[in-house]
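Please keep the sequence and the model in view while reading.

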Amino acid sequence: AIERDVCQQNYSQAVYHLTKSLDSTRPVISNDGWEHTTSDILTLHDYEEDGEIMRRKYLTKKEEVLSCEIYHNNFRAAYAQGFGYKGEPVLISEYGGIAFEDNDKESSTMQTSSVGEETCYLVKTEEDFLERYKALTVGIKSLPYVCGYCYTQLSDVQQEKNGFLTEERRFKVNPEKIRAINDLPE
């Protein structure tokens, strides 16, 4: 993994510098979500299920997350070894992972299921989805040093079934309700 592999770290830096040489006006992210090397933006993937727990972690453990004393998402550091935070803007570039239960399977109202590398929080109804999405989004928006966020993901793709849309691009939840949550004051 890039966290300790100097060869991968050098490659990441080479791509960063090549990209900057082609267009120095655009920000470049070295390794989205974790284990950054040289990067213009610090992006973090965090699939915490509880919005209040996520909010408290990033408020009370900010320095520990940014200095890699703790893993921000339980298994990955924000930076690769030998690299560190230098004041880059911080974005939560993946969060949520909320999926609707497969109606063909018996399961409880809300449970966790592995989807790809992340954990997916399963819900039965649009109301359950929106409640979870709101708690997480409001928690992130309350963080004064986090300047942006991106729910994962826009649409389902292959084994990842945690999008706002199906693979066929049909809404699973009312987009106006998502907009209303995103428009809530910080």
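Helices and strands are here DSSP runs, of at least four residues (H or I) for a helix and at least two (E) for a strand, numbered from the N terminus. The model is a predicted one.

Tyrosine 58 may be examined individually. Apart from its neighbours within four places in sequence, tyrosine 58 is in contact with Leu44, Asp46, Val65, His72, Ile92, Leu143 and Tyr145.

Two of the helices named above also meet each other. Two packed helices are described by the angle between their axes and the distance between those axes. For α2 and α4, the axes come within 7 Å and cross at roughly 15°. Angles under 35 degrees count as roughly parallel, and α2 and α4 are therefore roughly parallel to each other. The crossing of α2 past α4 is right-handed. On the side of α2, the contact is made by Gly51, Met54 and Arg55, and on the side of α4 by Ala135, Leu136, Gly139 and Ile140. Sorted by class, this contact has four nonpolar, two polar and one charged residues.

The loops deserve attention as well. Cysteine 68 is placed in the loop between α3 and β2. Its relative accessible area is 23%, so cysteine 68 is partly exposed. Beyond its neighbours within four places in sequence, cysteine 68 is in contact with Ala77, Ala78 and Tyr79.

What joins threonine 152 and glutamine 153? The link is a cis peptide bond, with omega about 0°. Glutamine 153 is found in the loop between β6 and α5, and glutamine 158 lies in the loop between β6 and α5 too. Although glutamine 158 is not a glycine, its phi is positive, near 45°. With a relative accessible area of 57%, glutamine 158 is exposed. Arginine 169, also not a glycine, has a positive phi of about 70°. The relative accessible area of arginine 169 is 52%, and this residue is therefore exposed.

Conventions
Residues are numbered from 1 along each chain as its sequence is written. This is a predicted model: local features need pLDDT of at least 70, side-chain atom pairs count only at pLDDT 80 or more; totals for chains, interfaces and linings use all residues. Side-chain values use heavy atoms; hydrogens and water are left out. Contact means heavy atoms within 4.5 Å. Axes are lines fitted to C-alpha atoms, for helices over the stretch in contact, and angles run from 0 to 180 degrees between N-to-C directions. Angles under 35 degrees count as roughly parallel, over 145 as roughly antiparallel, 65 to 115 as roughly perpendicular and the rest as oblique. A crossing is left-handed if the near helix is turned anticlockwise from the far one by less than a right angle, and right-handed if clockwise. Ala, Val, Leu, Ile, Met, Phe, Trp, Tyr, Cys and Pro count as nonpolar, Asp, Glu, Lys and Arg as charged, and the others, Gly among them, as polar. Buried means under 20% relative accessible area, exposed over 50%, partly exposed in between (1.4 Å probe, protein chains only).
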